[in-house]
Amino acid sequence: MTQTGSSTGSPGKQMLSEQVYARLRDAIMRGEFAPGDALKPQDLAREQGVSLAVVREALVRAVGDGLADRLHNRGFAVPAFSDRRWQEIAEARRTVEPAVLRLSVERGDVDWEARVRAAHHRLARTPAFTPEEGRYYTSAWAEAHRVFHRTLLEGCGNPVLLETFDRMWTASELVRRWSAYRDPGRDGAEEHRRLEEAALARDADTASAVLLRHLTLTADALVDDPARDG
């Protein structure tokens, strides 16, 4: 009761909510909650030793980041594989990102080329999976992956387009992890190598086509074989 009585804007409560959100986000990303699992505020509050108000604040943030759904009269849950939003996000990315990459290839300078090469080198040298981080790819690889894709697009020189990319990337982080788990035979490293090669060769047509297929395969892994769920 004492915790819930604190001011919603107090630094202590905000820090606590940040910590609870970070733990919840990591647990969802590591697969500790399966797609469709309920996220019960009472259970989370008891497990983490915090108030319901703090947990609810963290859950609302998780909903905003695409990591949870708020269900009418049924609380919170991890999104399901079948959630229509994943295909909507995938459609948006397939529409926007290849077009931005085309601009980037046409406008990028030598510094952009160097950044693309460095970002790809880092991605290629970062282990994607380690036993201590669970069944999904590592947070270090996830960040290297994000930096590579964003660097490819930065040559466009348009901050509004890059902000759009940032929002879509955050919204699709969970689905990328699920997709990689459900399609372990996919050669993502080769896809990234081809992206770098086409971009640095200033071949906008090939780069856009490779990126389009790259994004399509990520979305397809969620729908082509429902028997793989869980």
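This is a predicted model: local features need pLDDT of at least 70, side-chain atom pairs count only at pLDDT 80 or more; totals for chains, interfaces and linings use all residues.
1. The buried residues are E173, L174, V175, R176, R177, W178, S179 and R182. Find W178 and R176 in that list, as both come back below.

2. **Aromatic pairs.** How many aromatic pairs does a search of the whole structure find? The search gives 3. One of them joins W86 and W178 in an edge-to-face arrangement, with 5.7 Å from centre to centre and 85 degrees between the planes.

3. W86 belongs to helix 4 (residues 84-107) and W178 to helix 8, so their pairing ties together parts that are 92 residues apart in sequence. Are the two partners buried or exposed? W86 has a relative accessible area of 2%, so this residue is buried. W178 is buried too, with a value of 1%.

4. **A pair within one helix.** F165 and W169 also form an aromatic pair, this one tilted, with 5.4 Å between the centres and 40 degrees between the planes. Both residues sit in helix 7 (residues 159-171), and because they are 4 residues apart, about one helical turn separates them. F165 counts as buried at 1% relative accessibility, and W169 counts as buried at 5%.

5. **Arginines over rings.** Now look again at two of the tryptophans. Which residue has its charged end over the ring of W169? That is R176, sitting 3.6 Å from the ring centre; R176 is one of the buried residues of helix 8, while W169 is part of helix 7. For W86, the residue lying over the face is R85, at 5.1 Å from the ring centre. W86 therefore has R85 over its face and W178 as its edge-to-face partner, and W86 itself is buried because its relative accessible area of 2% is under 20%.

6. **A loop residue to look at.** Finally, turn to R202. Where is it? R202 is in the loop between helix 9 (188-200) and helix 10 (204-220). The phi angle of R202 is near 60 degrees, which is a positive value in a residue other than glycine. With 32% relative accessibility, R202 counts as partly exposed, because that class lies between the 20% limit for buried and the 50% limit for exposed.

Conventions
Residues are numbered from 1 along each chain as its sequence is written. Side-chain values use heavy atoms; hydrogens and water are left out. Buried means under 20% relative accessible area, exposed over 50%, partly exposed in between (1.4 Å probe, protein chains only). Helices (H or I, at least four residues) and strands (E, at least two) are DSSP runs, numbered from the N terminus. Rings of Phe, Tyr and Trp (its six-membered ring) pair if their centres lie within 6.5 Å; planes under 30 degrees apart count as stacked, over 60 as edge-to-face and the rest as tilted. A charge sits over a ring if NZ of Lys or CZ of Arg is within 6 Å of the ring centre and within 35 degrees of the ring normal.
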